[in-house]
Amino acid sequence: MSEQEQAQQPMETEPATAAPDSPMVAEPTPSPSGEGEVAKEGEQAPAQEEPKQEVLVLGLDYGTQKCVLAVTRSAEMFPAIVQNNLANQVTPNVVSFRERRRLIGEEAAGAMARAPNAALHSVKRFLGQSLEEAQKELNMLPFEVEEKDGKVFFKVPFQDEEATFSPEEVASMMIKTFRSYIESNFAANATEITKGCVVAVPSSFNAQQRRAIADAATIAGLPVLQVIDEATAVALCYGLKRRDARREAILKARRATGAKDNTAAAAAEEEKTQEDAGDTVLFVDMGHSYLNVLVASYGRSKLTVLASLCDASAGAREFDYSLARHFAEEIQKKLDVDVLKNKRLVTRLVRSCEKTKQVLSTIDETFCEVENLADVDFRSKISRAKFEEISKEVTDKIGRAIGAVLEKAGKKATDLSAVEIVGGGSRIPLVQTVISNALEGRQLNRTLDSAGSVAIGSTLMAAILSPEIELEYTVENASSAPTAEEGGLAAEEVAKAQERQRQMEETEQRIVATENKRNEIEQFIYHMRDKTDDNSLASCFNGNEKQALLDHFASTHSWVDDNSGEVTNGNLELFEKKFEELKESVKTLAPGLHARLEQLREEQEQANKKAAEEAANYVPEKREKVPRTKKQKIQEAGKKRNQGNIVFKEFDYENAAKLYVEALGYLADLYDLSPEEQEEVNALKVPCLLNTALCYTKINRYPQAVENCNKALEIEKSNVKALFRRAQCHVQLSKLEDAKKDLDAALQIEPNNAAVKKELALVEKKIAAQKEKEKKMYSKMFS
């Protein structure tokens, strides 16, 4: 197996791109008399339907830690996950406040460690809550809050003052960011053709909390069709896949028997007439901070929620908190430091405990490490057995929740047709064991994608509710949308919040534009310095023109550094003026060089114009057939992977990555696989994921490389290549402790792997040097 094949990882959710042959709008209906028929003189021309404008409906999984948005298009009828600005399908739910601008999503997540008191996360837990109700949350969070009119408000340093924002305002910032993702994924008018959104929340949310998330969406300019339970969304996602699997089986049978009409439409019509014995399925969704359990029954195009339960104190983060309390006691005894009373320290400890929990899902023993904790480095060993012992309170809640929901539904474990587990917490081996034991050893299935099933189910509910989209499916006992009588923000409050955000966006746009102009100046200087070193342009200089030009570049660079504060102030005009002066100086100080560069630019423009004309006149000989069946999709994924390998060998890592991602897109749309089919798919997914990671590493896109390695490890927990490559990325991201944990895990699997040993030695050397540097720095600070 090549290194490329050993270095990849696929996306876990539905592909975010449309099917290649799907029309953007419905085609006009042909004339009933025949295609191309011309009306006779005196007769009215055959009427044709006007092309229908495409509409979009959305489904939002607004999670405590992460958000996922899905969309259903009227022209497609296939739900898809909306990718964010880094082409990821899951976005961190964080809003971070800097001096004069906000960072949202991926950018904000990277700023959490630098300014934890200004990075707002876990906002979901504060929606519709009073300060008293939210007090427990604050014990483990680093930011400050206050109470106004019985509601919680966050306090953050922003724009030279201490600003306050309601949870609805902060949530709306995150939701509004998704609007830009919709436009970049689909069309510039995507917001205009979006007819509504269904938002999923835990079933424990009361009317006030549901109203709060609906208000947040309203502030963001997104109309809410309904607020449903997260577990109901998961069950709906499963139900539609179940129905589609029945129709696919019918279609295969019709084709095998040589039926005259072997189209998907014919199979759908036949499915409606067939008997459906029905299924009863238990869903366990363990997210970051909520545990949702639901029992549903299925009939033909029908889902009935029999019982559901949500425990807001049994999410995956409770394992982190249990570990944090355990180590806090140890720190208190060893160092006489009460970590739990210091918000900054407890945040760092919880983050370290989360990593420790993840490692214990792979190996039996590891260390929890926190650097510079009360002027010393804390390091303590813990085994998986000890982790399970201190997590007993959480695991007991899981067992009780399953028992309670079965009793409420009037079902026993033996009555269930299947047990489906989703959510990040369900990947923890301990959680899987507890669920299985609570159900008398029943097999646990992962038919649905853990990250995207809630969002996909929500957009399907939006499609059911939308009059513009014809999706026939019945959902009984689902939550209803909040009504105006249930409270919420008044119209003037919504308008005030929207105006406040508009002003912030205006300021941020100026700051970003100024940053870009500053970057343009620096890039221009670097580019021109390269030109002064180009031997082919040496004859363009006379006398001391070259040195004069270099001296001017140096002084301009110093000017940029001296005026860095004006970037934060958004002084765009200042940098625009400086850039024009800089370009003019090249013409003045080195006229010969300027003339030659202009000539080369014009020649390149002509070449580009010619290439564009050739591309515009190109007519493909044959339209590529789009794969529809499982076999076709797997075959197409294999082809894309092989094409990616060829492009990779040509060092075109950007396009190689695109081909691998296309391959993963075909594989992500497969479900109801037999064990043999799943094995075949995984054998393609893992190499594609690792190859994508390798490509991203080559082009310095390390966060995306890490994400792909993570997904490969979800499929193969003991994949040494994935651990090794992720460790290399962690090194580049200055996350040396994370790199060390990955390499330690890799050595547990392959103790004699020379490459891993070598990399580990280098990482340990860098960690030692870093600690020594920090100790010297702190000794100077406190001397």
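1. Arg125 lies over the face of Tyr290, 4.7 Å from the ring centre. The criterion: NZ of Lys or CZ of Arg within 6 Å of the ring centre and within 35 degrees of the ring normal.

2. This is a predicted model; local features need pLDDT of at least 70, side-chain atom pairs count only at pLDDT 80 or more, and totals for chains, interfaces and linings use all residues. Residues are numbered from 1 along each chain as its sequence is written, and side-chain values use heavy atoms, without hydrogens and water.

3. The whole structure holds 15 aromatic pairs (Phe, Tyr and Trp rings, the six-membered one for Trp, with centres within 6.5 Å; planes under 30 degrees apart are stacked, over 60 edge-to-face, the rest tilted). Phe143 and Phe154 pair edge-to-face, at 5.6 Å between centres and 85° between planes. Phe143 sits in the loop between α2 (131-138) and β8 (144-148), and Phe154 in strand β9 (residues 151-158). Both are buried (under 20% relative accessible area, 1.4 Å probe, protein chains only; exposed is over 50%, partly exposed in between).

4. Phe524 and Phe579 have ring centres 5.7 Å apart and planes at 75°, so this pair is edge-to-face too. The pair joins helix α14 (residues 491-532) to helix α17 (residues 572-589), 55 residues apart in the chain. Helices are DSSP runs of H or I, at least four residues; strands are runs of E, at least two; both are numbered from the N terminus. Phe524 is buried at 18% relative accessibility, and Phe579 at 7%.

5. The charged end of Lys583 sits over the Phe579 ring, 4.5 Å from its centre.

6. Phe97, Phe158 and Phe165 form one aromatic cluster.
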